[in-house]
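Keep the model open beside you as you read.

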Amino acid sequence: MGFLIRLVITAIALWVTTLIVPGVDVSGRNGANTALTLLVVALIFGVVNAVLKPVIKVVGCVFYLLTLGLFALVVNALLFLLTDRIARALDLPFRVDGFWAAFWGAIVMAVVTWLISVVVPDRRETR
C-alpha cells in the first residue's frame, strides 16, 4: 500500500512539474491516458532513482563533498533526462527538452514530492 501511495505522490509531482516547467511535457490522448502515462513515468523515475542514485553517490562522493552537495542537482537532472530517454524508448508521450528543463524539472519534482509527503504521512511513521 505504501508503494502505491508513493507512486501516486510521484505521479502528482510529475504532473505539477509539467504544468510549471517549460520543456517538460506529457501529452496523452485523453485524461485517463495522461494519468496512466504519469503513473508509468513515475514508476520509471522511481526505479531509476532507486537503482542508480546510490551507485552514483558512492562513486561521486568526492564531487558531492567538493561542491557541498550542489553536484546532487546535476545528478538529479541527469536522472530526469534518463527517465525521459527510457519513456521515449517505451513510446510514452513524455518529453524533457534538454538539460535545463531536466534541471528545473528535477528541482520542482523534489519540492512538490516533499510538500505532498508532508501532508500525506507515511504509514510507517504513524506507528
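What covers the buried residues of α5? The cover includes α1, β1, α2, α4 and β2, where contact means heavy atoms within 4.5 Å. Helices (H or I, at least four residues) and strands (E, at least two) are DSSP runs, numbered from the N terminus. Before going further, please note that this is a predicted model, in which local features need pLDDT of at least 70 and side-chain atom pairs count only at pLDDT 80 or more, while totals for chains, interfaces and linings use all residues. Residues are numbered from 1 along each chain as its sequence is written, and side-chain values use heavy atoms, with hydrogens and water left out.

Let's stay with α5 for a moment. This helix has 21 residues and reaches 30 Å from its first C-alpha to its last, close to the 30 Å expected at 1.5 Å a residue; the expected span is 1.5 Å times one less than the number of residues. Its buried residues are Ala101, Ala102, Phe103, Gly105, Ala106, Val108, Met109, Val112, Thr113 and Ile116. Here buried means under 20% relative accessible area, exposed over 50%, and partly exposed in between (1.4 Å probe, protein chains only). An α-helix has 3.6 residues a turn, so residues three or four places apart point the same way. Take Thr113 of α5: Thr113 has a relative accessible area of 15%, so it counts as buried. Setting aside residues up to four places away in sequence, Thr113 touches Arg6, Ile9 and Ala13.

Now turn to α1, which spans residues 2–20. Helix α1 has 19 residues and reaches 27 Å from first C-alpha to last, close to the 27 Å expected. Leu7, Ile9, Thr10, Ala11, Ala13, Leu14, Thr17 and Thr18 are buried in α1. The partners of these buried residues are β1 (24–26), α2 (31–59), α4 (71–89), β2 (94–96) and α5 (99–119).

How do α1 and α2 meet? They pack at an angle of about 110°, with their axes 8 Å apart. Axes are lines fitted to C-alpha atoms, for helices over the stretch in contact, and angles run from 0 to 180 degrees between N-to-C directions. That angle makes α1 roughly perpendicular to α2, since angles under 35 degrees count as roughly parallel, over 145 as roughly antiparallel, 65 to 115 as roughly perpendicular and the rest as oblique. On the α1 side you will find Phe3, Leu7, Val8, Thr10, Ala11, Leu14 and Trp15, which meet Leu38, Leu39, Val41, Ala42, Leu43 and Phe45 in α2. Leu38 is buried because its relative accessibility is 7%. Leaving aside neighbours within four places in sequence, Leu38 is in contact with Ala11, Leu14, Trp15 and Val26. Thr37 also lies in α2 and is buried, with a relative accessible area of 5%. Beyond residues up to four places away in sequence, Thr37 touches Val26, Leu92 and Pro93.

Next, follow α2 to α4. Their axes come within 9 Å and cross at roughly 135°, and that makes α2 oblique to α4. The contact involves residues including Val41, Phe45, Val48 and Leu52 of α2 and Val75, Leu79, Phe80 and Ile86 of α4. Leu79, found in α4, counts as buried at 3% relative accessibility. Apart from neighbours within four places in sequence, Leu79 is in contact with Val48, Asn49, Leu52, Lys53 and Ile56. Leu79 and Ala102 are 23 residues apart in sequence and 8.5 Å apart in space, C-alpha to C-alpha.

Helix α4 also packs on α5, at an angle of about 105° and with axes 8 Å apart, which makes α4 roughly perpendicular to α5. Among the residues that meet here are Leu73, Ala77 and Phe80 in α4 and Phe99, Ala102 and Met109 in α5.

Finally, let's look at the core. The largest nonpolar core has 33 residues, and those with the most contacts inside it are Leu14, Val24, Phe80, Phe94 and Val96. A nonpolar core is a set of buried Ala, Val, Leu, Ile, Met, Phe, Trp, Tyr and Cys residues joined through side-chain atoms within 4.5 Å. α1, β1, α2, α4, β2 and α5 each supply at least two residues of this core, and the largest share, eight residues, comes from α5.
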